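Hi,

Here is the structure I promised to hand over. Have a look at it first, and my notes follow below.

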Amino acid sequence: MDHLEREFLTMSRMVGIYCRAHHDTKGTLCEACARFLDYAEVRLDKCPYGEDKPTCSNCPIHCYKPDQRELAKRIMRYAGPRMLLR
């Protein structure tokens, strides 16, 4: 598994944790979270750094729109610590 695939897998798991807790879903994502995950996948696919991509917080280019970037931060803040418990 390459770096970008692993990053997308991590993001999809974080979105799942966030969606289950905030939107009371079980096993599937709500429509809004599914749209966000599709958006994140497109942004990863179009990353100019490719396999050398830094983490988003350390990246000099912020490719997410401001509202999507805030949602990503909110998801990561919530799900990140909870991923350690799984």
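Let me start with Cys 30, which counts as buried because its relative accessibility is 18%. For the whole of this email, buried means under 20% relative accessible area, exposed means over 50%, and partly exposed is in between, with a 1.4 Å probe and protein chains only. Before going on, the ground rules: this is a predicted model, so local features need pLDDT of at least 70 and side-chain atom pairs count only at pLDDT 80 or more, while totals for chains, interfaces and linings use all residues. Residues are numbered from 1 along each chain as its sequence is written, and side-chain values use heavy atoms, with hydrogens and water left out.

Back to Cys 30, then. You'll find this residue in the loop between α1 and α2; the helices here are DSSP runs (H or I, at least four residues), numbered from the N terminus, and strands would be E runs of at least two. Leaving aside residues up to four places away in sequence, Cys 30 touches Cys 19, His 23 and Thr 25, where a contact means heavy atoms within 4.5 Å. Arg 20 is 10 residues from Cys 30 in sequence, and their C-alpha atoms are 8.8 Å apart.

Asp 24 sits in that loop between α1 and α2 too. Asp 24 has a phi near 55°, a positive value in a residue other than glycine. With 62% relative accessibility, Asp 24 counts as exposed.

Now the helices. α1 has 21 residues and reaches 29 Å from its first C-alpha to its last, close to the 30 Å expected at 1.5 Å a residue. The expected span is 1.5 Å times one less than the number of residues. Its buried residues are Leu 4, Glu 7, Met 11, Ser 12, Met 14, Val 15, Gly 16, Ile 17, Tyr 18 and Cys 19, and what covers them includes α2 and α3.

Helix α3 (residues 66-85) has 20 residues, which should span 28 Å at 1.5 Å a residue; its end C-alpha atoms are 30 Å apart, and that agrees. There is a bend of about 30° at Ala 79, with a proline, Pro 81, following within four residues. The bend at a residue is the angle between axes fitted to the seven residues ending there and the seven starting there. Leu 71, Ala 72, Ile 75, Ala 79 and Gly 80 are the buried residues of α3, and they pack against α1 (3-23) and α2 (31-45).

How do α1 and α3 cross? Their axes come within 8 Å and cross at roughly 90°, which makes α1 roughly perpendicular to α3. On the α1 side the contact is made by Thr 10, Met 11, Arg 13, Met 14, Val 15, Ile 17, Tyr 18, Ala 21 and His 22, and on the α3 side by Leu 71, Arg 74, Ile 75, Met 76, Tyr 78, Ala 79, Gly 80, Arg 82 and Met 83. Those residues divide into 12 nonpolar, 3 polar and 3 charged. For the classes, Ala, Val, Leu, Ile, Met, Phe, Trp, Tyr, Cys and Pro count as nonpolar, Asp, Glu, Lys and Arg as charged, and the others, Gly among them, as polar. As for the geometry, axes are lines fitted to C-alpha atoms, for helices over the stretch in contact, and angles run from 0 to 180 degrees between N-to-C directions. Under 35 degrees is roughly parallel, over 145 roughly antiparallel, 65 to 115 roughly perpendicular, and the rest oblique.

Met 76 of α3 is partly exposed, with a relative accessible area of 32%. Not counting residues up to four places away in sequence, Met 76 touches Met 11, Met 14 and Pro 81. The C-alpha atoms of Met 76 and Ile 17 are separated by 9.8 Å, though the two are 59 residues apart along the chain.

Lastly, two residues of α2. Leu 44 lies in this helix and counts as buried at 9% relative accessibility. Beyond residues up to four places away in sequence, Leu 44 touches Leu 4, Glu 7, Phe 8 and Lys 53. Asp 38, also found in α2, counts as partly exposed at 47%.

Cheers
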